[in-house]
Amino acid sequence: METRDMLRMANQIADFFKGYPREEALKEAATHFNNYWDPRMRKHLFEHLAKGGEGLDPLIIDAAPQIRKPKADAA
Amino acid sequence: MTLITEIDYGTPKSKATAMVTLEIDGQSITVPEGTSIMRAAMELGTQIPKLCATDNMASFGSCRLCLVEIEGRKGTPASCTTPVAPGIKVHTQTDRLGKLRQGVMELYLSDHPLTGDNAMQDMADTVGLANVRYGFEGDNHVSPVRADGEANPRFKEKDESNPYFAFDPSKCIVCSRCVRACEEVQGTFALTIDGRGFASHVSAGMDEKFMDSECVSCGACVQACPTGSLLEKSVIELGRPETSVITTCAYCGVGCSFKAEMKGEDVVRMVPWKDGGANEGHSCVKGRFAWGYASHKDRVTKPMVRDKITDPWKEVSWEEAIGFAARRFMEIQKKYGRGSIGGITSSRCTNEEVFVVQKMVRTAFHNNNVDTCARVCHSPTGYGLSKTFGTSAGTQDFKSVDECDVMLVIGANPTDAHPVFASRMKKRLREGAKLIILDPRRIDMVRSPHIKADFHLPLRPGTNVAVVNALSHVIVTEGLEAKDYIAERCDPKEFARWTDFIRQPENSPEAMESITGVAAADVRAAARLYATGGNGAIYYGLGVTEHSQGSTMVMAMANLAMLTGNVGRNGVGVNPLRGQNNVQGSCDMGSFPHEYSGYRHVGDNAVREMFEQVWKTALDSEPGLRIPNMFDAAVEGTFKGLYVQGEDIAQSDPNTNHVTHALEALECVVVQDLFLNETAAFAHVFFPGTSFLEKDGTFTNAERRINRVRQVKAPMQGKDEWQVVCELSQAMGYDMHYNSSSEIMDEIAWVTPTFAGVSFEKLDRLGSVQWPCNDKSPEGTPIMHVGGFVRGLGRFMITEFVPTTERTNRFFPLILTTGRILSQYNVGAQTRRTENVAWHAEDVLEIHPHDAEVRGIKNGQMVSITSRVGATTLRALISERMAQGVVYTTFHHPVSGANVITTENSDWATNCPEYKVTAVQVTLSNQQSDWQKDWEIREDENKRIEVKPLVAAE
């Protein structure tokens, strides 16, 4: 997946949950990634975060600790 | 198998609860008040002779055959128009009545050709008419030439303009059944009786040919005609059918039941079945007539393989094809990993066929990379309704609309896409229900004969959430909400939080007006109507879901329905109109990469362990790839093999260039389909599929109704589709075996709580059931959330309007939105291979006169449509149906390349593509786009089948 597509999708998720109180928004956003993003998509997200997470909505950056890290052999 | 003939009670059932007892021919009977004498007699088994009466329309009293005598009353009233009364004594057979009926029948036959084989002859026999004393010498409609040798001005030639039925005016007795069917059943008002007295005749439109009139070819008039004046051409050609099988239509999500009427192995006609829960005897042009594709010459009936997509196809045995696919898939997994292959299930296939494909992916592929074409249509429905109500499905049965007072139709075009349900809606609207339409396009229901929307809110594409939030804002700020209902059934904390959100001034109609383009006063008035007008029901389609905020919009509608107390009883609800016949079923069957059947997450340990025990293999707990993610992963190089069951992703999915790049990157594509579709151009293995006439199983329609699909004839390619999937699984090392599709349903019922009570035996006994069907509701659940929501308390979700990133600019100043038309279906693979092309032979671009004028475009000229991802060329149709700044097209023909233009944007929650909003420019053009030229080359090159050398006979 192109990084710009991953960013678009991740930031759209942030846009939705921004309407909720912060702790809840972080939890709900992370749950969304855990429930719906295949491990290789989450891997892409974490790789981008490792590089500084440029272009990622701050809400996703803050939710990241609650997002399940994919196993090493993902894909 | 015999020919099934339903009982015709002559007049509709009375809805009254008070009962009346009377006597008919000495027998006592008790029926609801308002029942006709004719119907009461039929309930006793006494069939009073009739021609103009039938039980799906109001009585008319024109044929004068159904006369009866009532003791103490004068004359011989028509039994169809005379209601029962307490204590009356009716006689249906007396000498006087016999003579009157014979006289009437004799007059009919004096102006009727002696063709013998129709209800007229049957009725003549019934009334005991032996001789007709009058010949055709006098004034008549039967002979082209009068007795004096002059041309007979009353004689009219047959109208054979409709591809499916003929109208022979000489056989018509002007009973008005066809006219009434067109009005009362279909609601099109295309037919009328023109002229007076002996000159009166049935007229289509302004005395035009049927094809030139407003007729939508639903077939209701043909079904109603008692004389054979209107008759299917297939019956004229093949003769009367001899046997019939009840089955389910394979087109839209209405899921109409039909009698497939057969002669030997030939289908003579499809007749809508009166006891069909979804359609109750009505049909549309697709289900009724457009089934010829099943035996079209393009049908591929032999399995085929090839090494490269540039090679010609090679016909092989089933064993060879299945072995080839299994070998390739296993090689790919060995090389690229377990998650490098996946499958897509089809919403056109049966529940049983879908279930085995998702099971194959989870057990034989050992991953969860399974998705379904619902991804690109109604996946936001599942997400949104499950978050708010707790169930991924619509709340009502179709019949519920009969009790609706205010219909809110959003992003749906029922008369084109769900025509049989639209007829039902129109009937209710003619009875006085109110109508609010949210749609950028002026759909037919905005204004058509005897239908006028109270409000048409022509919003800008992409602003659904803004408008529905504004509706809720008005209701909350004006105190119109259903306070008691909310207090009793909804989560108070969520409601309080949501109320704070929705009250904000930025959600007001006035604040939103500049964004949505809808007058604030209209939004306010529509909100008041929906909140206070009685039973309010929301009906919606892909104009809701196929947006970047599709899921948000579904939740916003659910909020609106809860706010007004419009969930959980008859006449209300939130009702998705599903696009394909088994969208609901394919979702129910566990086709999504994160869910097993019954919408249970793969990460739920208890559920997964249960499946592991039943399926006797370890299962992956991680969600798999969704369809758009599969394409992305293919381009990226981590996804290499795909099994596609009956979906044409190369035509139907957005951003065609991206899809074709992805398909080209795959090392093994297996397509299971009836035809070499667009996706097959990129495939390595082709498994020929079965048409709905060859399937045995079930479809689940938009109202959660599980209908039986019965095999009308044997599979043309020699195998059931589920059997092919089982054999592929076996070849890949997972032992999947069933003896029948009924056994598959038994397994579905075993592992899926909402299907626990479903079996073929029960469906055959009851006709159909609506899930949940289990110990709690053994005969199914027509209406959901009665007394409380499935999730417990209804959850109001905060639905902030977030504009799509797809915006117009000076390079792409127009918004393209896409949709369907009545005669064609989806990618057109079926309907393009029928006579339906007579109505829609090509996709056109609808453009507003002003937008056309400033570009120098005249009606019918070719225009190029360009978006940031691609371009195509279509013919322009100048139309005021679109607002200025919005253009519209359909996607029924592959050469149109409508999806070459649509983009990768998608719903935030589900990745459902944003088909409905694409910024484009439209310019005059005199040539095909580059994509269309490439398509034509590929059409020839990638679909070649190797010609086997002829072997000389010995």
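Modeller: This is a predicted model. A place to begin is the loop between β5 (165-167) and α4 (177-186) of chain B, where B:S176 is found.

Colleague: What is the phi of B:S176, and is the residue buried or exposed?

Modeller: Most residues other than glycine have a negative phi. B:S176 is not a glycine, yet its phi is positive. Around B:S176 there are 20 other C-beta atoms within 10 Å, and 20 or more make a residue buried. The two values asked for are therefore a phi near 75 degrees and the label buried.

Colleague: Which loop holds B:S217, and how many other C-beta atoms lie within 10 Å of B:S217?

Modeller: B:S217 is another residue that has a positive phi without being a glycine, at about 55 degrees. The loop that holds B:S217 runs between β7 (201-204) and α5 (220-224) of chain B. B:S217 counts as buried because the number of other C-beta atoms within 10 Å is 29.

Colleague: Which two residues does a cis peptide bond join?

Modeller: Most peptide bonds are trans. In the loop between β30 and β31 (814-819) of chain B lies B:P772. The bond in question has an omega of about 0 degrees, and the residues it joins are B:W771 and B:P772.

Colleague: Strand β30 of chain B also belongs to a sheet. Which strands are at the edges of that sheet?

Modeller: The sheet is open and has 3 strands, in the order β28-β29-β30 of chain B, with antiparallel pairing. An edge strand here pairs on one side only, which gives β28 (697-700) and β30 (768-770) of chain B.

Colleague: In what order do the strands of the parallel sheet with 5 strands run?

Modeller: This sheet is open too, and belongs to chain B. Its edge strands, each pairing on one side only, are β20 (455-457) and β22 (573-576) of chain B. Neighbouring strands are turned by 15 degrees against each other on average, direction ignored.

Colleague: How many bridges join β21 to β22 in chain B, and which helix lies across β20 and β21?

Modeller: Strand β21 (residues 536-540) of chain B runs parallel to β22(B), and 4 bridges join them. One pair of residues standing opposite each other is B:I538 and B:V574. A helix lies across β16 (406-410), β17 (434-438), β20 and β21 of chain B, at about 125 degrees to β20(B); this is α17 (residues 520-532).

Colleague: Which residues does B:V467 contact, beyond its neighbours within four places in sequence?

Modeller: Those neighbours are set aside here. The contacts that remain are B:L438, B:L457, B:L459, B:M512, B:T516, B:V518 and B:V523.

Colleague: What separates the C-alpha atoms of B:L97 and B:T76?

Modeller: B:L97 sits in helix α2 (residues 95-109) of chain B. B:L97 counts as buried because it has 20 C-beta neighbours inside 10 Å. Its contacts, leaving aside neighbours within four places in sequence, are B:L67, B:V68, B:E69 and B:T76. Along the chain B:L97 and B:T76 are 21 residues apart, while their C-alpha atoms are separated by 7.7 Å.

Colleague: What is the radius of gyration of chain B?

Modeller: Chain B has 30 helices and 36 strands. For 954 residues the globule rule gives 30 Å, and the value for chain B is close to this, so the chain is as compact as a globular protein of that length. The radius of gyration is 29 Å.

Colleague: What average pLDDT does chain B have?

Modeller: In chain B, 99% of the residues score at least 70. For the complex, the predictor gives an ipTM of 0.96 and a pTM of 0.95. The average pLDDT of chain B is 94.

Technical notes. Residues are numbered from 1 along each chain as its sequence is written. Chains are lettered from A and ligands numbered from 1 in the order in which they are written. This is a predicted model: local features need pLDDT of at least 70, side-chain atom pairs count only at pLDDT 80 or more; totals for chains, interfaces and linings use all residues. Two strands pair if DSSP finds at least two bridges between them. Helices (H or I, at least four residues) and strands (E, at least two) are DSSP runs, numbered from the N terminus. pLDDT is the predictor's confidence in each residue, from 0 to 100. A residue is buried if 20 or more other C-beta atoms lie within 10 Å of its own, exposed if 12 or fewer, and partly exposed in between; C-beta atoms are placed from the backbone. Two residues are in contact if their C-beta atoms, placed from the backbone, lie within 7 Å. The radius of gyration is taken over C-alpha atoms; the globule rule is 2.2 Å times the number of residues to the power 0.38. Axes are lines fitted to C-alpha atoms, for helices over the stretch in contact, and angles run from 0 to 180 degrees between N-to-C directions.
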